[in-house]
Amino acid sequence: MARYEPIKGEISASRVAIDVSKGPATPSPPPAKKPERLARSDVFRGLTVAIMILVDDAGGIFPRINHSPWNGVTIADFVMPFFLFIVGVALTLAYKRVSNRAAATKKAMLRALKLLVLGVVLQGGYFHGVHNLTYGVDILSIRLMGVLQRIAIAYLLAAICEIWLRNDGKVFSGWSLLRRYRYQTFLLLILTVIYVTLLYGLYVPDWEYHIREQGAIKSFSVKCGVRGDTSPACNAVGMIDRKIMGIQHLYKRPVYARTEQCSINSPSNGPLPADAPSWCQASFDPEGLLSTVMAIVSCLIGLQFGHVIVHFQDHKERIVQWTLPSFSLMALAFSLDFFGMHINKALYTLSYTCLTTGAAGLLFAGIYLLVDVYGIRRPTYVFEWMGMHALMIYILIACNVLPVLIQGFYWREPQNNLLRLIGV
């Protein structure tokens, strides 16, 4: 969601005609031409923002478009990987030419740090909700990870890869493109192997947690003692977060609270069933540490799609180079799900990564065909504008900063504000 200024095409050098009879001409320097933004990237990013707003506002009313309670996928589950994918695409254009690798790395680190700090402030619990004018957070229970933090980490790793892990080999086919960026592909495979090994290889012991309820502290014990489990209670993703960050620093409204085991109104939130398991009220972070490893992979796949823009100029060749890997990734995703490696957004499983990046690749190719090949821009102007201001829209709308600011102006009582008037 960060802003980039990619180059649409190379600016050809100006040709100066010299009249030998009059001596060499002294050409005036050509006017500086600002790099153009890629409309397809902005439209893709803007469409993703629109989907995010839709599921955030309507997900409570229509649970079927809200995030899947656990296994499976809904339209809401495509938002995060779509953002990560387009970050990777944009990075290839932002770092198309790097004259000073050290300076470029420093700038990428500073951008990632700003995004990380912004994420902790906006999603760490500093703001207390739409209908609460108070603010502040206990450092001992602040949420450490979140959407912006995950994007910051993926952005930084992908930027470092694009700056340092490439060679100067010529590109004339898909195979030669893969060879030119083979070190990036190698890193992508290593991260995937690390994730799968930890997810299915780590032993998850029994654990317990405490919650405060009506002024009293209640304790719950969760029985696990398993290896390779991907259920809400006993998966390695949650265990790593509890061990490293501490359960008090995790997201306190886990998505699995809407499962049939934990809600009588599933797939919506609701009261606990009488026989609800002990883990239903435990914190779990959907943007945890281990799952962020595969989020980085999504961003690295976006890099490879961006390389197609840099090295191929023919429209047909670009579309082929995008659609074939996209269909292959989606086929792999459904195959993995069929054999038991389920599509799961909360765990960011390999099958989920393949499905969402494959879908992102197809959508990107479709937008390219519509906007860049056929030049149909008018229907996409709104999405293009939203894509150019994606971070601002996310902060104001998705993080509820705008509603909080609006409700700060009220008549006599805090309840008499504009939000209450329009029914928010």
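Mentor: The side chain of Thr74 reaches the backbone oxygen of Asn66 at 2.5 Å. That is a polar contact: a pair of N or O atoms within 3.5 Å, where within protein one must be able to donate a hydrogen and the other to accept it, and residues adjacent in sequence count only if both atoms are side-chain atoms. Thr74 sits in the loop between α1 (39–58) and α2 (79–94). Helices here are DSSP runs of H or I with at least four residues, strands are runs of E with at least two, and both are numbered from the N terminus. Thr74 counts as buried because its relative accessibility is 15%. Buried means under 20% relative accessible area, exposed over 50%, and partly exposed in between (1.4 Å probe, protein chains only).

This is a predicted model: local features need pLDDT of at least 70, side-chain atom pairs count only at pLDDT 80 or more, and totals for chains, interfaces and linings use all residues. Residues are numbered from 1 along each chain as its sequence is written, and side-chain values use heavy atoms, with hydrogens and water left out.

Now the strands. β2 (residues 207–213) and β3 (residues 216–222) run antiparallel, joined by seven bridges. Two strands pair if DSSP finds at least two bridges between them. Arg212 stands opposite Ile217 in β3. The hairpin of β2 and β3 has two residues between the strands, and Gln214 takes a positive phi near 55° there.
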